[in-house]
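This report covers one protein chain and two of its residues. Please look at the sequence and the model before reading on.

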Amino acid sequence: MYTVVFKNNQHSLKTIPGIRPGTSLLELALSQDIDLTSLCGGNGTCKCCIVNIEQGGEFIAPPTLEFTTSPGEPVFACQSLLSGNSSGTIVVNIDIAQI
Ligand code: FES
């Protein structure tokens, strides 16, 4: 189980504990009323849901090598799934997302 912290402008917006692997960051954000834009419905084509992973990138499984989870590197929230059988905290900065 993971804890995901969404933040912007250096402020924590929401901390969500108990998240299971397989959940995408977009799915999780929308379920918490964090209104990331997703014009393509999560297909990875509109580039609206781009966020930065500030911490815990090792717990995110990008679907292709096109995506990265290095700290501070942008990822598509819809294509970034929590993965593994571990536990930890993922900090997601949504400053660059279209909201
Ligand atoms: S929702 Fe369109 S790229 Fe993620």
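## I19

I19 lies in strand 2; strands (E, at least two residues) and helices (H or I, at least four) are DSSP runs, numbered from the N terminus. This is a predicted model, in which local features need pLDDT of at least 70, side-chain atom pairs count only at pLDDT 80 or more, and totals for chains, interfaces and linings use all residues. Residues are numbered from 1 along each chain as its sequence is written.

I19 has 18 other C-beta atoms within 10 Å, so I19 is partly exposed. That class falls between buried (20 or more other C-beta atoms within 10 Å of a residue's own) and exposed (12 or fewer), with C-beta atoms placed from the backbone.

Apart from neighbours within four places in sequence, I19 contacts M1, Y2, V4, L28 and L82; a contact means that the C-beta atoms, placed from the backbone, lie within 7 Å. Between the C-alpha atoms of I19 and V4, 15 residues apart along the chain, the separation is 7.5 Å.

## L13

Strand 2, residues 11–19, also holds L13. L13 is partly exposed because 16 other C-beta atoms lie within 10 Å.

With neighbours within four places left out, the contacts of L13 are F6, K7, N8 and I34. I94 is 81 residues from L13 along the chain, and their C-alpha atoms are 9.7 Å apart.

## The whole chain

Of its 99 residues, 29% are buried. Among contacts with a separation of 6 or more, 57% join residues 24 or more positions apart.

Key. Contact = placed C-beta atoms within 7 Å.
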